[in-house]
Amino acid sequence: MQIVPVPFDHPDARKLNDLVLQEYAQRYGDPEGDATPLAPAMFRPPRGLYLLAYDDEQQPVATGGWRAMDARTAGDGGGDEGDAEGDGENYADGDAELKRMYVVPEARGHGLARRILALLEDDAREAGRTRMVLETGVHQPEAIALYTSSGYGPAREKFGHYRFHEESRCFEKSLGGTPS
């Protein structure tokens, strides 16, 4: 198994992104899957990272990424080009948001998501991020089990695109340090 950084718009990343959106659509009955705005620039180091795992036959089997998120004054449009629009979405300075964690069904159960998660946490910490946050849903019990067994707890306050949705669950984990 090989885990490598790739751009969010890499063809293999797009392929697995389409698969995860299909899975979200099936689990939640929403044809869009996930309407959270994401752009390739959000995952560019040092303000993010996107990882892709390949099996021994060089087939893409898993993804995951983080993007820098900070508190902003609503409507200020601040930040660097390509930054996520966190305005008014309850992010805090120093946050790293976990996005698009996904393992294809045939590769599940071998600790691959846990390996990607650890790499993403390490990278976000090295980039000066102080808290990893993520949003998942009630119809993803495997994800919730992964995160809680990896030290994540319920977030103090829901954040992000789905913060008002009843099925949404937000989690957080301290990465240590102070906001950059």
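These are my notebook entries on one predicted protein model.

**Entry 1: the overall layout**

I began by counting elements, and I found 3 helices and 7 strands in the protein. Reading from the N terminus, I noted the order β-α-β-β-β-α-β-α-β-β. I then looked up burial for the chain: 49% of the 180 residues count as buried. I also checked how far apart in sequence the contacting residues sit. Of the contacts with a separation of 6 or more, 69% are between residues 24 or more positions apart.

**Entry 2: the sheet**

Next I traced the strands across the sheet.

I then walked through some of the pairings. S1 and S2 run antiparallel and are joined by 4 bridges, and here I found Val-4 opposite Leu-52 in S2. S2 and S3 also pair in the antiparallel sense, over 7 bridges, and in this pair Leu-49 stands opposite Trp-66 in S3. The hairpin of S2 and S3 has 5 residues between the strands, and one of its residues, Gln-58, takes a positive phi near 65°.

Moving on, I saw that strand S3 (residues 60-69) and strand S4 (residues 95-103) run antiparallel, with 7 bridges joining them. I marked Ala-62 as standing opposite Val-103 in S4.

**Entry 3: helices on the sheet**

How many residues of S2 are buried? I counted 7 of the 7, so S2 is largely enclosed by the rest of the structure. In S2, Gly-48, Tyr-50, Leu-52 and Tyr-54 point one way. Leu-49, Leu-51 and Ala-53 point the other way, and the residues of both sets are all buried.

**Entry 4: two residues I looked up**

Is Glu-121 buried or exposed? Glu-121 lies in helix H2, and I logged it as buried because its relative accessibility is 7%, where buried means under 20%. Not counting residues up to four places away in sequence, Glu-121 touches Met-132, Tyr-152, Lys-173 and Leu-175.

My other pick was Pro-46, in the loop between H1 and S2. Pro-46 counts as exposed because its relative accessibility is 63%, and the cut-off for exposed is over 50%. Leaving aside neighbours within four places in sequence, I found Pro-46 in contact with Trp-66 and Ala-127. I also looked up a C-alpha separation: Pro-46 and Gly-128 are 82 residues apart along the chain, and their C-alpha atoms are separated by 9.2 Å.

**Entry 5: the largest pocket**

I turned to open space next. The largest pocket holds about 880 Å³ and is lined by 37 residues. Which residues lie nearest its centre? I noted Tyr-24, Met-101, Thr-136, Gln-140 and Ala-143. The elements giving two or more residues to this lining are H1, S4, H2, S5 and helix H3 (141-149). S4 gives the most, with 6 residues. Sorting the pocket lining by type, I got 15 nonpolar, 10 polar and 12 charged residues.

**Entry 6: the cavity**

The largest cavity holds about 50 Å³. Its lining consists of Thr-36, Arg-67, Tyr-91, Glu-97, Lys-99, Glu-135, Phe-159, Gly-160, His-161 and Tyr-162. By type, I recorded 3 nonpolar, 3 polar and 4 charged residues in the lining of this cavity.

Technical notes: Residues are numbered from 1 along each chain as its sequence is written. This is a predicted model: local features need pLDDT of at least 70, side-chain atom pairs count only at pLDDT 80 or more; totals for chains, interfaces and linings use all residues. Side-chain values use heavy atoms; hydrogens and water are left out. Two strands pair if DSSP finds at least two bridges between them. On a 1 Å grid over the protein atoms alone, a cavity is a set of points where a 1.4 Å probe fits but cannot get out, and a pocket is an open set with protein on both sides within 12 Å along at least five of seven lines; lining residues have an atom within 4 Å of a point. Grid points are joined across faces, edges and corners, and a volume is the space filled by probe spheres set on the points. Ala, Val, Leu, Ile, Met, Phe, Trp, Tyr, Cys and Pro count as nonpolar, Asp, Glu, Lys and Arg as charged, and the others, Gly among them, as polar. Buried means under 20% relative accessible area, exposed over 50%, partly exposed in between (1.4 Å probe, protein chains only). Contact means heavy atoms within 4.5 Å.
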